[in-house]
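I opened the notebook to record what I looked up in this structure, entry by entry. The overall layout comes before the individual residues.

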Amino acid sequence: MVLLAHYIADSDKRREQLEQAMYIEAGWGLGRNPSNTVEMTGLGERHIIDCYTTGRNDGVPGSHPGQTPFNGTETWSPGNGGDARIILKRCYPDWYTGGWPHQESFFNIRYMWVNGEFTPRETMRGKMALLAYLYGIRK
C-alpha cells in the first residue's frame, strides 16, 4: 500500500514521508530490528541460518541465500512441525502474557515449517517489491 501511496502522492512532502517509511521497512528486514538479525538467509554475519527451505543437500554449505521464513505462530497441524505451540510454550518471558516482542517471531529451528518455512507468496513478494521499488526510484 505504501508503494502505491508513494506513486500517486500529489505533494513532494508526502512523497518524501512515504519514501522514508519504505527505507525504514527495508532497513528492518536487513537487520535494523531489535534482534539485530537480517530476516533472510545468507546475507551478512547475522542472517537467519536454520529455516525450512531449500539448498541444504545440493553440495554447497547452507541454504540458498535471500530467502525469508514465514515466522508463523499458528497451528497448522497439531503435534508436529506445523504446531507453533511446541515452541511458544518454551518462550521466556511467556509468549502470551510476558511481553515477548511478537515482531520477533522467528525461532531458529530448521524443521518447524509453521515458523521457518520459506514462502515466496507470504514472505518474499512484498519484500522484493519494496526493494525493487526503492531501487527504481533512487536518484
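**Entry 1: ground rules.** I am working with a predicted model, in which local features need pLDDT of at least 70 and side-chain atom pairs count only at pLDDT 80 or more, while totals for chains, interfaces and linings use all residues. I number residues from 1 along each chain as its sequence is written, and side-chain values use heavy atoms, with hydrogens and water left out.

**Entry 2: the chain.** I looked up the secondary structure and found five helices and four strands, where helices (H or I, at least four residues) and strands (E, at least two) are DSSP runs, numbered from the N terminus. Read from the N terminus on, the order of elements is α-α-β-β-β-β-α-α-α. Along the principal axes, the C-alpha atoms of the chain fill a box of roughly 50 × 45 × 25 Å. I then noted that 34% of the 139 residues count as buried, taking buried as under 20% relative accessible area, exposed as over 50% and partly exposed as in between (1.4 Å probe, protein chains only). With contact meaning heavy atoms within 4.5 Å, residues 24 or more positions apart make up 52% of the contacts with a separation of 6 or more.

**Entry 3: the largest pocket.** Which residues lie nearest the centre of the largest pocket? I find Glu25, Thr123, Gly126, Lys127 and Leu130 there, among 24 lining residues. A pocket, on a 1 Å grid over the protein atoms alone, is an open set of points where a 1.4 Å probe fits, with protein on both sides within 12 Å along at least five of seven lines, and lining residues have an atom within 4 Å of a point. The volume is about 470 Å³, counted as the space filled by probe spheres set on grid points that are joined across faces, edges and corners. Helix H1 (2–8), helix H2 (12–29), strand E1 (38–41) and helix H5 (120–137) each give at least two residues to the lining. By residue class, I record twelve nonpolar, eight polar and four charged residues in the lining; here Ala, Val, Leu, Ile, Met, Phe, Trp, Tyr, Cys and Pro count as nonpolar, Asp, Glu, Lys and Arg as charged, and the others, Gly among them, as polar.

**Entry 4: Asp50.** I located Asp50 in the loop between strand E2 (47–48) and strand E3 (75–77). Is Asp50 buried or exposed? Asp50 counts as buried because its relative accessible area is 19%. Its side chain is joined to that of Arg110 by a polar contact of 2.8 Å, a polar contact being a pair of N or O atoms within 3.5 Å, of which, within protein, one must be able to donate a hydrogen and the other to accept it, with residues adjacent in sequence counted only if both atoms are side-chain atoms. Leaving aside residues up to four places away in sequence, Asp50 touches Arg56, Phe106, Phe107, Asn108, Ile109 and Arg110.

**Entry 5: cysteines.** I searched the whole structure for disulfides and found zero, a disulfide being a pair of cysteine sulfur atoms within 2.5 Å. Cys51 is in no disulfide, and its nearest cysteine sulfur, that of Cys91, is 18 Å away. Cys51 counts as buried because its relative accessibility is 0%, and Cys91 counts as buried at 10%.

Entry 6: Pro65 sits in the loop between E2 and E3 and is exposed, with a relative accessible area of 60%. Not counting residues up to four places away in sequence, Pro65 touches Thr41 and Gly42. I also noted that the C-alpha atoms of Pro65 and Asp94, 29 residues apart along the chain, are separated by 32 Å. Glu16, in helix H2, is exposed at 54% relative accessible area, and its C-alpha atom is 8.3 Å from that of His6, ten residues apart along the chain.

**Entry 7: backbone.** Most residues other than glycine have a negative phi, and most peptide bonds are trans. The peptide bond from Tyr92 to Pro93 is cis, with omega near 0°, and Pro93 is in the loop between helix H3 (85–88) and helix H4 (113–116). Asn36, in the loop between H2 and E1, has a positive phi near 55° and is partly exposed, with a relative accessible area of 35%. Asn71, in the loop between E2 and E3, has a positive phi of about 65°.
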